[in-house]
Amino acid sequence: MAFLRLASRWPALSKFGVANPSLHGKSPPLRNGFLPLTTSSAVGKSASAAATTEAFRGGSSQAVGHAPGQRKDVLDSSFDDAHAAYKSKTTWEILRAYIVYTLCSSSYLVENNMKLMKIMKAVMGEKMFTALMKGTFYGHFVAGEDQERIRPTLERLRSFGVKPILDYSVEEDLSQEEAEKREVESSVSELGDEKVQGTMPQFHVDKTFADRRYKVSSARTYFYLNEATCERNLEIFQQSLQAVAGATYGTGLAAVKLTALGRPQLLLQLSEVIMRTRQYMAEITAKTAQANRSSPEDKGNIIGKHISPEQLHQKLQQTCKLSEAPVKKFLQNVTFDQEGLIHLFPWSGIIDENLELSETFLVPDIKSGKMVRLLTQLSSKEEEMFRNMIRRINVLAQTAEDLDVRMMVDAEQTYFQPAISRITLEFMRKYNSKKALIFNTYQCYLKDTFNEVVTDLEQAKRQNFYFGAKLVRGAYLEQERARAAALGYNDPTCPSFEATSESYHTTLTECLRRIKDLKSKGKPNMIGIMVASHNEDTVRYAIEKMKEIGISPEDKVLCFGQLLGMCDYITFPLGQSGYSAYKYIPYGPVNEVLPYLSRRAQENKGILKKIKKEKKLLLRELFFRISRGKFLYTPKGDYTPI
């Protein structure tokens, strides 16, 4: 009742942007019955109040010029429109969101949330605890328990212009000791952790960081147990793809993590091969440049060197004391096109053929003159495990193709990422021949992200496949910095938030430039980008760049994504104004997603500035509904996602 009494104090509501109906005889009029186009924060607030008033009067905030049945609101790019943010929610859901965000602001509750939830479960019993979670944290951050129960949420999102990225968010609640034990055992070959000359420490497990949840609050973590668990994860991911096809009319995506589908040791070793290959190319080109008294080429970017077969042969002859036979045999496996060198190794064979990894990654050593192995030895059992991992990914990619839905491969730690990206790119080459079905993820807090994206874009261009990418800031920043300092390798992360933003914006701009170039050449949609960011400035930057370059939402080459239960004031206005907008939708049984809920609480504590704005907008909409007698408001959307 105290809360309702507060709502009745009309003068106090002005700070939330809500007009006092007793002081103003009528609602603010709309110009010609439509919302004005706004960019400034002050005008945005006015538009927000006008939109809210018009909606409750039974009017429409549909923009001028759109045909009936294709409703599109005008976007308030200040993202200060409370009604646009929350008209998809019941009043109870708004109140619940405010309560959840308030609880997330408590350091004690956040730091002890898992312990407190377990105590509550023991005291209250299973049924009451489940009901409490569904009424609070679970209900706010998770869509439902299975692919059938999430349908109402997905349908409501769709009716308000928002599409889903489905993510089955169940993970084991392991102790630190058990997590470390599993990771160490599954990250070392049964032949031993061989550290030969040239070994890179970042691609070898260290017990201090074996629990990959260390300082990570926003990413789900899988710990390998056996091949059977990987098969179960495969089935779950397949079910997510089927749910996307059935419940989202094919407009959604399904998220996949490669560490769920295979032994982490294999990703570590393959990542080291990739980085040693780049180092090898840098050494060859540097020595050749020195011999020719010319400037050295850039650091190991193979695809950007435009080296012909004859030039590579010449470089090897200049640097290696080898007979013709080994060099020719090596060159037979090198991938070239008309522009020159693409790959030193037949990466396509990794996903198409039964190659023995241990015998594939051999190069002529520029010092000893012998053929040397870049990949440490694998046992026959481990070779089989790698084939199993690739088979699982192939099953998912084939399922996505059969169902005509898209699959997004999540980014992970830098010591896994080279292998994850390489494998994903090869599956893009195989399955993205007609449209972008497979998407990769790039973390822009990494110093090399721009170069990585440009290199992959270049491969897509030269091998003529569709390129799909999700751009994120990243989930492992603190862990990456701490691990680099402890193990003595260069910190891979940008030094500041500002540097990360610059990396993000530079990378996005390059993608948009290439999109525009392809569009002018009659090749639209060859590149698809998701701006997955909770940062208003980044979203505004993307919108401004789209307008500047001449890319419209209808081109369907750029979309936006945020997590369910976070930054609704960004996602829903975007979707309702005709942009392609997504929510990352976690789902799974209540008790099995508690680790996920724990992370969400921790992440929200870390972004208090966003919480402050979200809470302000929630209160504004809540007070407005109470003031207009709309406490029992029922959301009814009539938008069609682009």
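Visitor: How are α17 and α18 oriented to each other in this predicted model?

Guide: They are oblique to each other, and therefore neither roughly parallel nor roughly perpendicular.

Visitor: How does one describe two packed helices in general?

Guide: Two packed helices are described by the angle between their axes and by the distance between those axes. Now the case here. Helix α17 spans residues 380–403 and helix α18 spans residues 417–431. They pack at an angle of about 40°. Their axes lie 11 Å apart. The crossing of α17 and α18 is right-handed.

Visitor: Which residues of α17 and α18 make the contact?

Guide: From α17 come Met389, Ile390, Ile393, Asn394, Ala397, Gln398 and Glu401. From α18 come Ile423, Phe427, Lys430 and Tyr431. By class, the contact of α17 with α18 holds seven nonpolar, two polar and two charged residues.

Visitor: Where does α11 stand relative to α17, and at what angle do they cross?

Guide: Helix α11 covers residues 227–247. Its axis and that of α17 come within 10 Å and cross at roughly 10°. Angles under 35 degrees count as roughly parallel, so α11 is roughly parallel to α17.

Visitor: Which residues make that contact of α11 and α17?

Guide: On α11, they include Leu234, Phe237, Leu241 and Ala245. Glu227 and Glu231 of α11 take part as well. On α17, they include Met385, Val395, Leu396 and Leu403, along with Arg391 and Arg392. The contact of α11 with α17 has ten nonpolar, four polar and four charged residues.

Visitor: Turn to the rings. How many aromatic pairs are there?

Guide: The count comes to eleven aromatic pairs, with ring centres within 6.5 Å as the rule. Take phenylalanine 345 and tryptophan 347. Their ring centres are 6.3 Å apart and their planes stand at 90°, so the pair is edge-to-face.

Visitor: Are phenylalanine 345 and tryptophan 347 buried or exposed?

Guide: Phenylalanine 345 has a relative accessible area of 2%, so it is buried. Tryptophan 347 is at 6% relative accessibility and also counts as buried. Ring pairs link Phe345, Trp347 and Phe361 into a cluster.

Visitor: What kind of pair do phenylalanine 427 and tyrosine 431 form?

Guide: A stacked one, with 6.2 Å centre to centre and 15° between the planes. Both phenylalanine 427 and tyrosine 431 are buried.

Visitor: Why are phenylalanine 427 and tyrosine 431 separated by about one helical turn?

Guide: Because they are four residues apart in helix α18. Phe427 and Tyr431 also belong to the contact of α18 with α17.

How values were computed
Residues are numbered from 1 along each chain as its sequence is written. This is a predicted model: local features need pLDDT of at least 70, side-chain atom pairs count only at pLDDT 80 or more; totals for chains, interfaces and linings use all residues. Side-chain values use heavy atoms; hydrogens and water are left out. Axes are lines fitted to C-alpha atoms, for helices over the stretch in contact, and angles run from 0 to 180 degrees between N-to-C directions. Helices (H or I, at least four residues) and strands (E, at least two) are DSSP runs, numbered from the N terminus. Angles under 35 degrees count as roughly parallel, over 145 as roughly antiparallel, 65 to 115 as roughly perpendicular and the rest as oblique. A crossing is left-handed if the near helix is turned anticlockwise from the far one by less than a right angle, and right-handed if clockwise. Contact means heavy atoms within 4.5 Å. Ala, Val, Leu, Ile, Met, Phe, Trp, Tyr, Cys and Pro count as nonpolar, Asp, Glu, Lys and Arg as charged, and the others, Gly among them, as polar. Rings of Phe, Tyr and Trp (its six-membered ring) pair if their centres lie within 6.5 Å; planes under 30 degrees apart count as stacked, over 60 as edge-to-face and the rest as tilted. Buried means under 20% relative accessible area, exposed over 50%, partly exposed in between (1.4 Å probe, protein chains only).
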